[in-house]
Amino acid sequence: MYKLLNTFKLKNIQCGYLYFYVHFITEIVCFYYLSKVTNGSYIVWFIPFVYDAFAFVPQGLIGYINDKYPNLNTGIIGTILLIISYILFLLFPENILLSLLILCFGNAFIHISGAECTLRNSEGKLSHSAIFVGGGSFGVITGKVLASTSLLPIFMIPLIITMIPFILLASTYKSNNINKFDYANSKMSPYLIVLLSVLVVIVRGYMGYGIPTSWNKTLLQTILLFCIMGVGKCLGGILSDAYGIRKVGILSTLLAIPFLCFGNKIMIISLIGVMFFSMTMSITLALLASVYKDKPGLAFGFTTIGLFLGTAPIFFINITNIKINIIMIILLSILCSYVLAKLIKKEEKNESNI
């Protein structure tokens, strides 16, 4: 417990808290927009697919550019793009393609800003980026809920502006400790580590849509589902810093299996499984950062590309058979656990320095 409490006192963890808010607001703005433009539309599946493609995939390139020019404030650029997107949406609501693409790139720039800041200031710990990433799940559901109310799109603009002081304050942290990430198995090829880490992200992205949740019928239950996802992402980093990335990565993947398989009709059981399932988010990022020690933006970009590759098939293939879903959960979870066991080195120098 002492180790766990000490993770909240890590140096420069304020970057994680600041970007938790920035990520939270970003996803509110983006999913308010998506919910509004897809409500009752014949392009209900096309818009989210375009969003995933142009918000996730470009982050690799944006991250690479930001790695070369670390003084480039991609967070402010992203904020400006979100504002422009909403101005275009308000002026030309019937022609959403341009505003949608600008929204996507705004999201991508802000994500890279958060990744660069939290990874560079993390002293090789996972909690910073895990807290930043966790804010997104809370924002997704909040944006969807706000879109179902009478709140007008114009009110999203001042909400976007509130991110600016948080981004500027986070930019005052100037550490560059990305070299302290040292979690990957040095006996394996770096290229294989990257490939398998992205594979785990792809599997997690795909499984996220196949988790049986027939209990999820009310707004409150949906809110709880997304909030637990956010808690799981945060806990993955916090617990890894306290007790070791290897233990948390393997155990959380395996422990999720029975809860996900038998929680289809029982909310509390399913939510426990979702929490365990979400914990590996920061772990795969830490593995990639261990390979790309001087390129945190590129490392984060690989995770978002993996998420797109994992979620893309869902737009074309919809497996509704509960038995097939359960079999896939079991097999893919065991596969991910085995891969993580191979990827993460057994000796963790970082975990003793909390």
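**Exercise 1. Decide whether Lys 295 is buried, partly exposed or exposed, and find its salt-bridge partner.**

Step 1. Lys 295 has a relative accessible area of 26%. Buried means under 20% relative accessible area, exposed over 50%, and partly exposed in between (1.4 Å probe, protein chains only). Lys 295 therefore counts as partly exposed.

Step 2. The partner is Asp 294, with 3.6 Å from N to O. A salt bridge here is a side-chain nitrogen of Lys or Arg within 4 Å of a carboxyl oxygen of Asp or Glu.

Step 3. Asp 294 is partly exposed too, at 47% relative accessibility.

A word on the model before going on: it is predicted, so local features need pLDDT of at least 70 and side-chain atom pairs count only at pLDDT 80 or more, while totals for chains, interfaces and linings use all residues. Residues are numbered from 1 along each chain as its sequence is written, and side-chain values use heavy atoms, with hydrogens and water left out.

**Exercise 2. Work out which parts of the chain the salt bridge between Asp 67 and Arg 120 links.**

Step 1. In this pair, the closest N and O atoms are 3.9 Å apart.

Step 2. Asp 67 sits in helix H4 and Arg 120 in helix H6 (residues 97-120), so the pair links distant parts of the chain, 53 residues apart. Helices (H or I, at least four residues) are DSSP runs, numbered from the N terminus.

Step 3. Both ends are buried: Asp 67 at 10% relative accessible area and Arg 120 at 11%.

Step 4. Glu 116 joins Asp 67 and Arg 120 in a network of salt bridges.

**Exercise 3. Say where Lys 180 and Glu 123 lie, and how far apart in sequence.**

Step 1. Their side chains form a salt bridge at 2.7 Å, N to O.

Step 2. Lys 180 is in the loop between helix H9 (163-170) and helix H10 (190-210), and Glu 123 in the loop between H6 and helix H7 (127-147), so the bridge ties together parts 57 residues apart in sequence.

Step 3. Lys 180 is partly exposed at 42%, whereas Glu 123 is buried at 19% relative accessibility.

**Exercise 4. Find the stretch where pLDDT stays under 50.**

Step 1. pLDDT is the predictor's confidence in each residue, from 0 to 100. The protein averages 89, and 93% of the residues score at least 70.

Step 2. The stretch is residues 348-354. Where pLDDT is low, the predicted coordinates should not be read in detail.

Notes:
Contact means heavy atoms within 4.5 Å. Helices (H or I, at least four residues) and strands (E, at least two) are DSSP runs, numbered from the N terminus.
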